[in-house]
Amino acid sequence: EAGVTQSPRYAVLQEGQAVSFWCDPISGHDTLYWYQQPRDQGPQLLVYFRDEAVIDNSQLPSDRFSAVRPKGTNSTLKIQSAKQGDTATYLCASGTGYEQYFGPGTRLTVL
Amino acid sequence: GDSVTQTEGPVTVSESESLIINCTYSATSIAYPNLFWYVRYPGEGLQLLLKVITAGQKGSSRGFEATYNKETTSFHLQKASVQESDSAVYYCALGDTNAYKVIFGKGTHLHVLP
């Protein structure tokens, strides 16, 4: 069974640039999560979906971040105008409850 | 609010020594929290090590154990004899009922010396 895949694995931007992260969850998993993990911190939930519906996006900085999962499978997280404070690893996870399976993450550096 | 506090690292132990990584939680908005330990080995993604969803129960995996103690709001991770291959970052985590929403601690770097 293939795991959660993410791309790109690394991204380096100047402040003000936009970037998109892509996630392909494990087949059959109805729930998909995006986390932000700053260096030396634990993962912090940004948003999660059940199928194509957003269940909780209360921690998503809505002025610059957006996330979609249009067909209830793959998902895209976009940062419209990146700031240095967005430097972190962005993790995608999928699951069906009680356990989340994580992808390798995208390490973002904003200069 | 809901939060998790765990031993600040790095923690360094020698092979075959015992290990305990402390974890305490606060679950003010979750009536029946689920508790987890996740691990990230070098070069790998985050993966579930063990989980316990009922207070008073113990979970175990790969020689590690953790007991869900509701009275002390703790979920300490223990191992009687560590191996060099246990070197990793360990995260204690708290989930709501069904664990759809999970809150992680900051992580504890463990270095096991040969």
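Q: What handedness does the link of C23(A) and C92(A) have about its S-S bond?
A: A disulfide is a pair of cysteine sulfur atoms within 2.5 Å. Here one joins C23(A) to C92(A), with an S to S distance of 1.9 Å, and with -70 degrees about the S-S bond this link is left-handed. C23(A) lies in strand β3 (residues 19-24) of chain A and C92(A) in strand β9 of chain A, so the pair ties together parts 69 residues apart in sequence; strands are DSSP runs (E, at least two residues), numbered from the N terminus. This is a predicted model, in which local features need pLDDT of at least 70 and side-chain atom pairs count only at pLDDT 80 or more, while totals for chains, interfaces and linings use all residues. Residues are numbered from 1 along each chain as its sequence is written, chains are lettered from A and ligands numbered from 1 in the order in which they are written, and side-chain values use heavy atoms, with hydrogens and water left out.

Q: Is C23(B) buried or exposed?
A: C23(B) counts as buried because its relative accessibility is 0%, where buried means under 20% relative accessible area (1.4 Å probe, protein chains only). C92(B) is also buried, at 1%, and both C23(A) and C92(A) are buried.

Q: How many residues from chain A and from chain B take part in the contact?
A: Contact means heavy atoms within 4.5 Å, and here 19 residues from chain A and 19 residues from chain B take part. Between them the chains bury about 1,600 Å², 52% of it on carbon and sulfur atoms; this is the accessible area (1.4 Å probe) lost on being put together, summed over both parts. In chain A, P43(A), Y98(A) and F102(A) lose the most area to chain B, together 37% of what that side buries.

Q: How many salt bridges does the rule find across the interface of chain A and chain B?
A: A salt bridge needs a side-chain nitrogen of Lys or Arg within 4 Å of a carboxyl oxygen of Asp or Glu. The rule finds 1 across this interface, and the side chains of D56(A) and K101(B) meet in a salt bridge at 2.7 Å, N to O.

Terms used:
Buried area is the accessible area (1.4 Å probe) that two parts lose on being put together, summed over both. Helices (H or I, at least four residues) and strands (E, at least two) are DSSP runs, numbered from the N terminus. Buried means under 20% relative accessible area, exposed over 50%, partly exposed in between (1.4 Å probe, protein chains only).
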